[in-house]
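Colleague: I have some questions about the labels used for this model. Please set each value against its rule.

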Amino acid sequence: MKASEIQKTYQGLMGIKVKRVPIKMSFILSRNLKKLEEVVQDIDSKRNDLLRVYGDKDEDGQLKVGDNGEITVPAQDVPKFMADVNEMLNADIE
């Protein structure tokens, strides 16, 4: 399963989790979410690493963080950043 598919599956299962389901289904959901959560956290961590590499920096080399906590990538670095993100999301994970 590709990393991007794991993210989508995790998000879908989170949507089901908030609904009232039978206890057996709730148990199965919890087990699957726990297994997927570790991968999703790794994906988020690596994406943040890429933002630290490609993100816009100030004169002191610190990342510029917007008012809403967003980090922008300079236009000239967007293709490299997106290529790295896509490579990560297309990785096969067992």
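Colleague: What makes Lys64 partly exposed?

Modeller: Its relative accessible area is 41%. Buried means under 20%, exposed means over 50%, and partly exposed is in between (1.4 Å probe, protein chains only). So Lys64 is partly exposed. A word on the source: this is a predicted model, where local features need pLDDT of at least 70, side-chain atom pairs count only at pLDDT 80 or more, and totals for chains, interfaces and linings use all residues. Residues are numbered from 1 along each chain as its sequence is written, and side-chain values use heavy atoms, with hydrogens and water left out.

Colleague: Why is the contact of Lys64 and Asp56 called a salt bridge?

Modeller: The rule asks for a side-chain nitrogen of Lys or Arg within 4 Å of a carboxyl oxygen of Asp or Glu. Lys64 and Asp56 meet at 3.8 Å, N to O, so the pair qualifies. Asp56 has 24% relative accessibility and counts as partly exposed.

Colleague: How many salt bridges does this rule give?

Modeller: Five. Among them are two formed by Asp49, one with Lys46 and one with Arg52.

Colleague: How do you know that Asp49 forms a salt bridge with Lys46 and with Arg52?

Modeller: Take the closest N and O atoms. For Lys46 they are 3.7 Å apart. For Arg52 they are 2.4 Å apart. Both values pass the rule, so both pairs are salt bridges. Lys46, Asp49 and Arg52 are thus linked in a network of salt bridges.

Colleague: Where do Asp49 and Lys46 lie?

Modeller: Both are in helix α2, three residues apart, about one turn of the helix. Asp49 and Arg52 are also three residues apart in helix α2. Helices here are DSSP runs (H or I, at least four residues), numbered from the N terminus.

Colleague: Why does Asp49 count as partly exposed?

Modeller: Its relative accessibility is 28%, which lies in the in-between range. Lys46, at 47%, is partly exposed. Arg52 is partly exposed as well, at 47%.

Colleague: Why is the pair of Tyr54 and Phe81 called edge-to-face?

Modeller: Rings of Phe, Tyr and Trp (its six-membered ring) pair if their centres lie within 6.5 Å; planes under 30 degrees apart count as stacked, over 60 as edge-to-face and the rest as tilted. Here the centres are 6.0 Å apart and the planes are at 75°, so the pair is edge-to-face. The structure holds one aromatic pair. Tyr54 in helix α2 and Phe81 in helix α3 are 27 residues apart.

Definitions and conventions: Helices (H or I, at least four residues) and strands (E, at least two) are DSSP runs, numbered from the N terminus.
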